[in-house]
Structure formats: C-alpha cells, structure tokens
Amino acid sequence: MHEQTFRHRNAGWMARLVSLPALTRAMLPEWQAHWQRSLAHWSGEISFTIGKEAFTLRISGTNLSLLDTSNVAPDTLAMTPQTFMQAIFGYRPIVSAIQAHERMLPGDHVTVLAILFPAGQTWIPASDWF
C-alpha cells in the first residue's frame, strides 16, 4: 500500500486577519506558554509589520510581553496578513515566510520565532467549520 498527500500552498486558505490588535492580545497567553515551556532565555524585541499594522514582542529572560507599536523600527519583520495567518495557525513555518521576502534573520531570531510560531498540524477555526 502506498499513500501520497499533495498540498498546494495558499490553496483553499480560509482564515483571514480582521483585527491584528485583537489577534495579538488573544495569542499572547499562547506565546507566553510556548516561550516558558521552551526554557529559553533571551532578551530583546522583535517587531512585526503585518499589512499596515505593527506590533512588538518584548522578551526578557523568561517573560514575554506585547507592545503596541505605532512607529515602525527599521529592522521590523514585514509580512502580508495572509502569510502571517498561515504562520499563526502552523500552516507555514514563519522563518520561511520571512525569508521568502529575501530577509535573512540572525540565528537567535530564528530560534525565538521557531519557538513562538511552531509549524505543524494546521488548525481550522471553529467559525470555518463546514
């Protein structure tokens, strides 16, 4: 017996970003749990620009907090809302999403992002149940 599965990136993707501030506030406890379970210790800030909105994750040792960002830092990681949603739901590794925009990341940022945005089983929100 032989089984094959084919996946087409961006095909049939249903989730879309409605409110970045609401999504980041809802994701904060999950990001904190991922970070604390990893036992990683790193300090710094990682800023994101998603579409025309921005936010910053501040990490200090084992603590992770969310900052609302009105000013975009020059080293901000920029993504489209669709790419960000794919990373949030585990459909696409966030590092490949960022590097797809020809942006190379420092090694410590790659590790932090892999912890906070684990790729894996895609989750479909209950509102999209069909």
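W31 and F117 are both buried, where buried means under 20% relative accessible area, exposed over 50% and partly exposed in between, with a 1.4 Å probe and protein chains only. Please note that this is a predicted model, in which local features need pLDDT of at least 70, side-chain atom pairs count only at pLDDT 80 or more, and totals for chains, interfaces and linings use all residues. Residues are numbered from 1 along each chain as its sequence is written, and side-chain values use heavy atoms, with hydrogens and water left out.

I turn to the aromatic rings. Rings of Phe, Tyr and Trp (its six-membered ring) pair if their centres lie within 6.5 Å; planes under 30 degrees apart count as stacked, over 60 as edge-to-face and the rest as tilted. Because W31 lies in helix α1 (residues 20–38) and F117 in the segment after α4 (107–116), the pair ties together parts that are 86 residues apart in sequence. Helices here are DSSP runs of H or I with at least four residues, numbered from the N terminus. Through ring pairs, W31 and F117 join F48, F55 and F84 in a cluster.

What kink does α1 contain, and at which residue? The kink, of about 40 degrees, is at L28, shortly before the proline P29; the bend is the angle between axes fitted to the seven residues ending there and the seven starting there. L28 is also among the buried residues of α1, including M27, H34 and W35. Just after α1, L39 adopts a positive phi of about 60 degrees.

Key: Helix = DSSP H or I, 4+ residues; strand = E, 2+ residues; numbered from the N terminus.
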